[in-house]
Amino acid sequence: MKSEFLLQIKELKATIDNKEILKGLNLEVKPGEIHAIMGPNGSGKSTLANVLTGRDIATVTHGSVTFEGKDLLVMSPEERAREGIFLSFQYPIEIPGVSMVNFMKTAINEQRKHRGLEPLSASEFLRQMREKKELVEIDSALTNRSVNEGFSGGEKKKNEIFQMAMLEPRLALLDETDSGLDIDALRIVANGVNKIRRTDTSVIVITHYQRLLDYIVPDYVHVMYDGRIVRTAGPELALELEERGYDWIRKEADVNEETWTTDRK
Amino acid sequence: MENDQDKVLDELTSGEYKYGFVTDIETDVIPKGLSEDVVRLISAKKEEPEWMLEFRLKAFRHWQTMKMPAWAHLKIPEINYQDIIFYAAPMQKPAPGSLSDVDPELLKTFDKLGIPLGEQKRLTGVAVDAVMDSISVKTTFRESLAELGIIFCSFSEAVREHPSLVQKYLASVVPYTDNFFATLNSAVFSDGSFCYIPKGVRCPMELSTYFRINASNTGQFERTLLIADEESYVSYLEGCTAPMRDENQLHAAVVEIITERGAEVKYSTVQNWYPGDKEGKGGIFNFVTKRGICKGDDSKISWTQVETGSAITWKYPSCILRGNNSVGEFYSVAVTNNYQQADTGTKMIHIGRNTKSTIVSKGISAGFGQNSYRGLVKVLGKAEGARNYSQCDSLLLGDKCGAHTFPYIEVDNPSAIVEHEATTSRIGEDQIFYCNQRGISTEDAIGLIVNGYAREVINKLPMEFAVEAQKLLQISLEGSVG
Ligand SMILES: Nc1ncnc2c1ncn2[C@@H]1O[C@H](COP(=O)(O)OP(=O)(O)O)[C@@H](O)[C@H]1O
Ligand SMILES: [Mg+2]
């Protein structure tokens with residue numbers, strides 16, 4: 001039977017160099033939902049994105065992740081991408097010499113092949129490039145250059161959203177796509193996400209700041225601390241965090257952990 | 001995770017050499033070994049004039065006094081020259097004149113290599129001289145080229161039909177004393193291509209030579225002589241493959257190019273000799289001397305090479321820029337994977353005034369491959385206003401391979417400007433992951449990245465061959481994820 005959840009994470013634990021970074025994380029995302037994950041630096045947000053996309057920096061030691069009911073953890077990174085998981089990288093990678101056009105064409109056609117579709121014709125591909133570029137108000141010169149090479153910080157982030165628009169994922173993970181953006185770029189990125197989103201696209205927005213959530217209004221806000229989601233509420237939680245900072249969460253979470261460990265023993 | 005990676009690596013490395021088959025054809029071979037008698041025998045087999053034999057004998061006597069060069073950054077096993085067959089000719093029924101005379105086995109062989117020789121199936125816009133082992137099998141389009149006064153034929157034929165041209169230019173760029181391998185070649189060369197473009201003629205099609213080694217225990221020693229008379233132009237392409245064998249086979253060729261005033265020659269190589277297996281067993285020893293002279297003012301020689309094959313490559317296509325305002329170019333991509341070794345580069349010798357040279361070298365090392373760039377830029381005292389720009393990039397895949405750069409710069413004219421840039425980079429796991437995350441497999445990611453890196457050089461190849469070269473790059477690097 002098909003699960004009502006697009007993504008289901010249960011008791012997920014993962015280590016980096018034998019150090020536990022994710023410590024029993026639970027998260028459920030239904031089609032079309034927007035979830036925000038907030039939390040202090042080092043709490044494991046990027047590690048979660050890495051585990052979901054199959055980057056082998058972290059090792060999963062416990063728990064399960066299903067995507068559309070399928071076991072995600074057994075899939076290769078490219079399979080996950082072809083199944084419809086997209087990551088907007090916190091730090092997009094430069095690939096000198098590889099043109100954006102060539103890169104995108106290869107990516108799209110690999111994903112189409114996975115879905116049993118014919119490769120896009122050159123003209124249809126170029127039409128989509130033009131259309132999606134406008135959607136995210138991207139400077140046309142960007143796509144003629146090598147992937148991220150010599151892009152400014154803002155251009156790199158816009159380029160991530162552009163790629164997302166081209167690939168039309170089922171689940172988009174935005175890892176601090178807002179950080180380092182001025183208010184104009186922020187608006188463009190947020191508008192891009194809103195425009196691109198089909199009704200059944202789910203988004204997980206990883207962010208430090210409330211301000212992005214003024215534009216991309218989440219259904220849920222989760223606070224991550226020390227490898228777990230320690231609090232979940234509606235958009236109002238983001239405002240509260242903005243006002244009060246993370247310290248109170250930290251204190252509360254630490255207390256919780258104490259009780260949790262003693263309960264167990 | 002670790003194991004998964006290993007598995008993927010294993011699967012990828014089984015990428016096979018596509019041209020490793022052997023043609024079953026009766027072959028006229030002479031006994032193994034090298035002596036003055038063997039040199040005479042080769043000359044006799046080819047029914048050569050006396051002057052040709054004299055040239056060979058001079059070279060042979062000189063070679064006996066020489067030692068193998070040891071300066072290259074290569075580990076070359078001892079080569080026993082008495083254990084090599086120096087002449088092997090596939091037996092054709094009648095002499096090849098019209099196509100119907102070419103043995104069907106040979107036609108099939110070249111068909112399989114993607115070089116159709118048949119009248120109907122010929123590559124459009126490309127004239128081919130097909131050389132197997134020691135002889136030229138067939139030269140296509142020669143009649144239509146002849147109408148323009150272009151001579152394009154096998155070397156042996158040129159010796160018979162155009163002796164004065166051959167005598168005038170043979171060894172005028174690479175003297176028989178030049179180096180160990182060139183001298184050996186001068187003594188025992190068996191065939192190759194000859195090309196003459198007359199004054200003012202732009203050759204309307206690509207000329208190409210396809211070299212195939214077929215017979216075992218055999219060395220291939222061919223010679224190419226290319227003369228572009230005043231204000232002429234030709235684009236020339238060379239390709240090569242060999243069967244997969246456990247033994248090493250020697251290939252020692254000489255290419256000479258002469259450009260007269262205002263002439264231009266573009267010489268491209270896609271070298272795909274059998275590289276040996278994953279453990280480094282077998283493969284071709286490719287010891288080649290290629291040199292061109294820009295003899296006339298305003299002339300130009302451009303070398304482009306994509307070197308993916310051979311167990312060992314030792315090769316420095318060079319330009320002597322004697323004419324004023326003459327231009328030399330060298331664009332190279334060299335790949336070493338598994339246990340392949342390459343020591344390759346160029347020499348640009350600036351003699352004339354306002355001579356210009358450009359060097360772009362892209363080394364790619366993977367597996368246990370060792371890749372060296374060796375280049376000399378020499379500006380003589382009279383070369384007022386000489387300019388050189390060199391760029392040598394190395395790309396590493398994995399941490400067991402090596403990249404080395406040996407640039408030599410000698411400048412005797414104060415007005416000269418010589419620039420040298422070098423970079424070394426690695427294909428990062430983060431780059432591969434970025435591609436993976438967009439749905440691109442690791443294999444395709446490496447293909448994309450490597451072709452992006454080599455694009456500047458690939459773009460210099462004639463269109464038809466650029467695509468082939470791109471595929472070749474990807475295939476030769478399969479399984480080299482670091
Ligand atoms: N590549 C890595 N190697 C070692 N430790 C890492 C690596 N990536 C992250 N970590 C560690 O994992 C923890 C969580 O980091 P991260 O997931 O980047 O947090 P966040 O994205 O919430 O700031 C930190 O303690 C960090 O030092
Ligand atoms: Mg982070």
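**Entry 1: the ligand**

I began with Ser43(A): one of its backbone N or O atoms lies 3.3 Å from an oxygen atom of ligand 1. I count this as a polar contact, a pair of N or O atoms within 3.5 Å. This is a predicted model, where local features need pLDDT of at least 70, side-chain atom pairs count only at pLDDT 80 or more, and totals for chains, interfaces and linings use all residues. Residues are numbered from 1 along each chain as its sequence is written, chains are lettered from A and ligands numbered from 1 in the order written, and side-chain values use heavy atoms, without hydrogens and water.

Next I checked Ser46(A). A polar backbone atom there is 2.8 Å from an oxygen atom of ligand 1. For Thr47(A), a side-chain N or O atom is 2.5 Å from a ligand oxygen. The protein covers 63% of the 550 Å² of accessible area that ligand 1 has on its own (Shrake-Rupley method, 1.4 Å probe).

**Entry 2: the shell**

Which element gives the largest share of the shell around ligand 1? I found α1(A), with 3 residues. By class, the shell has 4 nonpolar, 6 polar and 2 charged residues.

**Entry 3: the cores**

I then looked up the largest nonpolar core, which has 108 residues. Such a core joins buried residues (under 20% relative accessible area, 1.4 Å probe, protein chains only) through side-chain atoms within 4.5 Å. Helix α10 (residues 442-458) of chain B gives the largest share, 9 residues. Another core, of 34 residues, lies apart and includes Trp63(B).

How values were computed:
Polar contact = N/O pair within 3.5 Å; in protein donor to acceptor, adjacent residues only side chain to side chain. Helix = DSSP H or I, 4+ residues; strand = E, 2+ residues; numbered from the N terminus. Nonpolar A, V, L, I, M, F, W, Y, C, P; charged D, E, K, R; others polar. Buried < 20%, exposed > 50% of the residue type's maximum accessible area, 1.4 Å probe, protein only.
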